[in-house]
Amino acid sequence: MSNLNLFLEALTQLGIDTVPQEYIQLLRNFPAELANQSRSPHQHTDDACVSDLELLNHPDDIVTINLEARSHCIADPDGNEFHWPDQLLIIGENGEGDYYCLDSTGEHSGVLQYRHVLVEFDLITDSLDEYVELLKEAYSAGNAIGES
């Protein structure tokens, strides 16, 4: 990944002071099969790749999605204001409003999924490596995460 310092500085400006080292390593050595893997089971060349949504690999996209989530508050199901937590780094999305994120403080290990309708977080994998493997398996088989 080029311009790592600029990327980290941009995240710091958003309130993300610590980026997990395993995530930085992943971005430096992004799996080619995910960078080029179509999200469609039909492998159309005009379809988005996994790296365009579920696991972003471009610094500008990562900064943009984190900025968007932090730029406004929403109401949770009980009517309370919800602001995106500073310690949660969004690393991807599912295309339907849910985000995949890492806890930069280490309080929660693994990858969390933010479910926008319920305004809640669920642990979906115990580690970033496990999340990467989940994506590889799901999309090499032509399925999206959560599909049967």
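I take buried as under 20% relative accessible area, exposed as over 50%, and partly exposed as in between, with a 1.4 Å probe and protein chains only. The model is predicted: local features need pLDDT of at least 70, side-chain atom pairs count only at pLDDT 80 or more, and totals for chains, interfaces and linings use all residues. Residues are numbered from 1 along each chain as its sequence is written, and side-chain values use heavy atoms, leaving out hydrogens and water.

**Cysteines.** I looked up Cys49 and found it buried, at 18% relative accessible area. Cys73 is partly exposed, at 32%. I then looked for disulfides (a pair of cysteine sulfur atoms within 2.5 Å). The structure has zero.

**Helix pair.** I turned to α1 (residues 4-13) and α4 (residues 59-70). Helices are DSSP runs of H or I with at least four residues, strands are runs of E with at least two, and both are numbered from the N terminus. The two axes come within 10 Å and cross at roughly 0 degrees. Axes are lines fitted to C-alpha atoms, for helices over the stretch in contact, and angles run from 0 to 180 degrees between N-to-C directions. Roughly parallel means under 35 degrees, so α1 and α4 count as roughly parallel. Contact means heavy atoms within 4.5 Å. Phe7, Ala10 and Leu11 of α1 meet Pro59, Ile62 and Val63 of α4.

**Ser104.** I found Ser104 in the loop between β4 (99-103) and β5 (111-115). Ser104 is buried, at 12% relative accessible area. Leaving aside residues up to four places away in sequence, Ser104 touches Ile16, Thr18, Pro20 and Gln87.

Terms used. Parallel < 35°, antiparallel > 145°, perpendicular 65-115°, else oblique.
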